[in-house]
Amino acid sequence: MKESGRKQGAASPCAACKLLRRRCAQDCVFAPYFPADEPQKFANVHKVFGASNVNKMLQELPIHQRGDAVSSIVYEANARVRDPVYGCVGAISSLQQQIDTLQTQLALTQAEVVHLRVRQTASFPHGFCPTSLSNSGSPTFKLMGSQTMPIFDLDMVVDQASLGEPMCSF
């Protein structure tokens, strides 16, 4: 982010003063955060919050916190322009739905892996366990001692007693 909206000695006003059609004073609170070459940045903030309200908010904050505040205000203003009803909450909600969908897909994939491994284990005759399967190099499983353990923890437990004795331990 640029720290100065205008060059020292230059008469070019910051984006806020330009939009508000006023003279940009040397101590303009908007100048460090709304440079003249980014007019849309302040236009959205002004449209959503109003210049007077943003001025008051910035005046109440210590100078070292103003940059972060402006970033948040600009983000919220841009979100409100895109989605006037929900703003940032709409974006957060959409991302949360994506997370929920992906977690469901992951759980289904993990369950499928367990199902396939149980089916594969049950298909081998007693005492036969090909090493090519247990050392297949699959990224999902790692060798730990003499047993292969899944990297991830599963929420479901396979009851080995109902499947008969395990033919091959992975």
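Predicted model: local features only at pLDDT ≥ 70, side-chain atom pairs only at ≥ 80, totals over all residues.

Modeller: Contact here means heavy atoms within 4.5 Å. In H2, Phe42, Val45, His46 and Phe49 meet Ala51, Asn53 and Val54 of H3. Sorted by class, the contact of H2 with H3 has 5 nonpolar and 2 polar residues, and no charged ones. The two helices, H2 at residues 39-49 and H3 at residues 51-60, have axes that come within 7 Å and cross at roughly 100°. Since angles of 65 to 115 degrees count as roughly perpendicular, H2 and H3 are therefore roughly perpendicular to each other. Glycine 50 follows H2, and its phi is positive, near 90°.

Turning to the interior of H2, its buried residues are Lys41, Phe42, Ala43, Asn44 and Val45, and what covers them includes H1, H3 and H4. Asparagine 44, which lies in helix H2, has 11% relative accessibility and, because buried means under 20%, counts as buried. Leaving aside residues up to four places away in sequence, asparagine 44 touches Ala77, Asn78 and Val81.

Helix H4 spans residues 63-82, and its 20 residues reach 29 Å from the first C-alpha to the last, close to the 28 Å expected at 1.5 Å a residue. Its buried residues are Arg66, Gly67, Ala69, Val70, Ile73, Val74, Glu76, Ala77 and Ala79, and H2, H3 and helix H5 (88-122) are included in what covers them.

H3 in turn packs on H4 at an angle of about 150°, with the axes 9 Å apart. Because angles over 145 degrees count as roughly antiparallel, H3 and H4 are described as roughly antiparallel to each other, and their crossing is right-handed. Val54, Met57, Leu58 and Gln59 of H3 make this contact with Arg66, Val70 and Ile73 of H4. By class, the contact of H3 with H4 has 5 nonpolar residues, 1 polar and 1 charged.

Cysteine 17 is found in helix H1, residues 15-20, and at 2% relative accessibility cysteine 17 counts as buried. Apart from residues up to four places away in sequence, cysteine 17 touches Arg22, Arg23, Cys24 and Cys28. The C-alpha atoms of cysteine 17 and proline 39 are separated by 9.9 Å, with the two residues 22 apart along the chain.

As for the setting of this part, the protein has 7 helices and 2 strands, and from the N terminus on its elements run α-α-α-α-α-α-β-β-α. Of the 170 residues in the protein, 28% are buried. Among contacts with a separation of 6 or more, residues 24 or more positions apart account for 52%.

Terms used:
Residues numbered from 1 in each chain as written. Heavy atoms only, no water. Axes fitted to C-alpha atoms, helices over the stretch in contact; angles between N-to-C directions. Helix = DSSP H or I, 4+ residues; strand = E, 2+ residues; numbered from the N terminus. Parallel < 35°, antiparallel > 145°, perpendicular 65-115°, else oblique. Nonpolar A, V, L, I, M, F, W, Y, C, P; charged D, E, K, R; others polar. Expected span 1.5 Å × (residues − 1). Buried < 20%, exposed > 50% of the residue type's maximum accessible area, 1.4 Å probe, protein only. Left-handed = near helix turned anticlockwise from the far one by under 90°.
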